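Dear colleague,

I am passing on the structure below, and my notes on it follow. Please read them with the structure open beside you.

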Amino acid sequence: MNKNDLSKNEFTLFNTRTPEEYIDKSLKLKIPSGRKAYITKLWMDKKGYTVEDIQHARNRHPYWKAKKMEGSAERNEERRK
């Protein structure tokens, strides 16, 4: 991987330090999802993190918590019937 292969936003995402910071920046930066997946794989190889580390950070991020809770009242109501 060459630094010149990445755009400014992609390089910013690639240089994050922690999974929590990675999730936050991945939401804020405008990068296509396919490209983001490629950068994620490179980042995990470079930093030594796993998919589980990213999932753990994602599950605790306020944006994704809110997304998971959308429609929960309706789902619970439907389940109880």
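Where is Thr50 found? Thr50 lies in the loop between helix H3 (33-47) and H4, helices here being DSSP runs of H or I with at least four residues, numbered from the N terminus. Please keep in mind that this is a predicted model, in which local features need pLDDT of at least 70 and side-chain atom pairs count only at pLDDT 80 or more, while totals for chains, interfaces and linings use all residues. Residues are numbered from 1 along each chain as its sequence is written, and side-chain values use heavy atoms, with hydrogens and water left out.

Thr50 is partly exposed, with a relative accessible area of 34%, where buried means under 20%, exposed over 50% and partly exposed in between (1.4 Å probe, protein chains only). Its side chain makes a polar contact with the side chain of Glu52 at 3.2 Å; a polar contact is a pair of N or O atoms within 3.5 Å, of which, within protein, one must be able to donate a hydrogen and the other to accept it, and residues adjacent in sequence count only if both atoms are side-chain atoms. Although Thr50 and Pro19 are 31 residues apart along the chain, their C-alpha atoms are separated by 9.3 Å.

Glu10, in helix H1 (residues 8-14), is buried, with a relative accessible area of 8%, and its side chain joins that of Arg35 through a polar contact of 2.8 Å. Leaving aside neighbours within four places in sequence, Glu10 is in contact (heavy atoms within 4.5 Å) with Asp5, Ile31, Arg35 and Ile39.

Best regards

Methods. Helices (H or I, at least four residues) and strands (E, at least two) are DSSP runs, numbered from the N terminus.
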